[in-house]
Amino acid sequence: MTNEDFMNALKQAGMTLTDAQLAQFEQYYELLVTTNASVNLTAITEKSEVYLKHFYDSLTVAFYEKNLQDGEHSLIDIGTGAGFPAIPLKIAFPNLKITLVDALQKRVKFLQTVVDELKLSDVTIVHGRAEDIGQNPTFREQFDYATARAVARTSVLAEYTLPFVHIGGEFLVMKGAAAQQELADGQKALQTLGGKLRDEYAFELPNGDSRFIQIVDKVTKTPKKYPRQAGTPSKKPIA
Ligand code: SAM
């Protein structure tokens with residue numbers, strides 16, 4: 001996907017980026033590939049692939065949860081890695097207040113560089129595991145939205161994300177072809193943690209790859225015992 005294809009595909013979805021925002025994406029790309037030479041951030045480095053599979057793919061969630069496009073909503077991105085999907089969302093929608101969580105220090109350091117170089121405001125970066133941070137009252141049940149892309153299967157992700165979302169907020173599930181099976185396997189976890197599926201959207205990336213966005217409402221509080229100890233959600237998913 002060339003920069004022009006990127007702009008046009010976003011336009012088709014009703015999003016127009018300014019030259020300044022396009023320059024921020026370009027700067028982000030440069031930082032990503034230069035840092036990736038010494039720090040393992042991503043397997044995808046070819047420019048058109050980064051624009052499609054990281055930048056555009058990250059923004060698709062806002063095609064279906066349009067509220068992300070307006071207002072000063074808070075969003076926490078668990079296992080954000082090099083910043084996906086939260087940094088592209090922040091560049092496109094500067095009013096979002098984002099919190100980035102990752103367990104790996106070297107990725108957290110990269111995120112700080114991106115925030116400084118792109119002069120992004122209202123960004124909080126937290127180094128740690130979702131299971132530990134989810135029990136911290138500063139973060140627990142504080143967010144309008146939680147995202148997590150390519151981190152774990154839905155039954156596990158629910159335990160990483162739903163504790164952060166307040167009642168009335170949403171866990172935005174971003175998945176590939178296995179989405180519906182993962183959702184079926186994760187039903188018990190969603191229900192236990194206070195989530196309820198509201199909508200599901202199936203679509204394709206411009207290269208034909210299959211994608212799903214599932215919107216899970218936070219309808220009841222997450223019981224105090226969740227998230228369990230670090231490592232337990234992935235070893236023993238709620239089932
Ligand atoms: N979300 C990014 C993306 O879509 O490109 C990164 C995906 S990467 C495959 C998974 C990331 O999740 C890694 O950076 C890893 O350190 C982080 N991670 C995995 N389990 C985690 C946990 N329990 N708490 C916090 N971060 C976690």
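These questions and answers ask why features of this predicted model are described as they are.

Residues are numbered from 1 along each chain as its sequence is written. In this predicted model, local features need pLDDT of at least 70 and side-chain atom pairs count only at pLDDT 80 or more, while totals for chains, interfaces and linings use all residues.

Q: How many helices and strands are there in the protein, and what makes a run count as one?
A: There are 10 helices and 7 strands. Both are DSSP runs, numbered from the N terminus: helices are H or I with at least four residues, strands are E with at least two.

Q: Why does the radius of gyration agree with a compact globule?
A: The radius is taken over C-alpha atoms, and the globule rule is 2.2 Å times the number of residues to the power 0.38. For 239 residues a compact globule would have a value near 18 Å. The protein has 17 Å, so the two agree. Its C-alpha atoms fill a box of roughly 45 × 35 × 30 Å along the principal axes.

Q: What share of the contacts with a separation of 6 or more is between residues 24 or more positions apart?
A: The share is 68%. Two residues are in contact if their C-beta atoms, placed from the backbone, lie within 7 Å.

Q: Why does F25 count as buried?
A: A residue is buried if 20 or more other C-beta atoms lie within 10 Å of its own, exposed if 12 or fewer, and partly exposed in between, with C-beta atoms placed from the backbone. F25 has 22 such neighbours, so F25 counts as buried. F25 is found in helix α2. Beyond residues up to four places away in sequence, F25 touches F55 and I91. F25 and I87 are 62 residues apart in sequence, yet their C-alpha atoms are 9.4 Å apart.

Q: How do you know that Y51 is buried?
A: Y51 has 23 other C-beta atoms within 10 Å, so Y51 is buried. This residue lies in helix α3. Leaving aside neighbours within four places in sequence, Y51 is in contact with M1, N3, F6 and Y56.

Q: Is I215 buried, exposed or partly exposed, and why?
A: I215 has 18 C-beta neighbours inside 10 Å, so I215 counts as partly exposed. I215 is found in strand β7, residues 210-218. Its contacts, leaving aside neighbours within four places in sequence, are E65, E170, L172, R198 and D199. I215 and E200 are 15 residues apart in sequence and 6.3 Å apart in space, C-alpha to C-alpha.

Q: Why are α1 and α3 called roughly parallel?
A: Angles run from 0 to 180 degrees between N-to-C directions, and axes are lines fitted to C-alpha atoms, for helices over the stretch in contact. Angles under 35 degrees count as roughly parallel, over 145 as roughly antiparallel, 65 to 115 as roughly perpendicular and the rest as oblique. Helix α1 (residues 3-12) and helix α3 (residues 47-59) pack at about 20 degrees, with axes 11 Å apart. The two are therefore roughly parallel. N3, F6, A9 and L10 of α1 make the contact with Y51, F55, Y56 and L59 of α3.

Q: How do the residues of the contact of α1 with α3 divide by class?
A: They divide into 7 nonpolar, 1 polar and no charged. Ala, Val, Leu, Ile, Met, Phe, Trp, Tyr, Cys and Pro count as nonpolar, Asp, Glu, Lys and Arg as charged, and the others, Gly among them, as polar.

Q: What makes α2 roughly antiparallel to α6?
A: Helix α2 (residues 19-36) and helix α6 (residues 105-117) pack at about 150 degrees, with axes 10 Å apart. That angle makes α2 roughly antiparallel to α6. Q27, Y28, L31 and T35 in α2 meet F110, T113, V114 and E117 in α6. By class, the residues of this contact divide into 4 nonpolar, 3 polar and 1 charged.

Q: What makes α8 roughly parallel to α9?
A: α8 and helix α9 (residues 179-193) pack at about 30 degrees, with axes 7 Å apart. That angle makes α8 roughly parallel to α9. The contact has 5 nonpolar, 3 polar and 3 charged residues.
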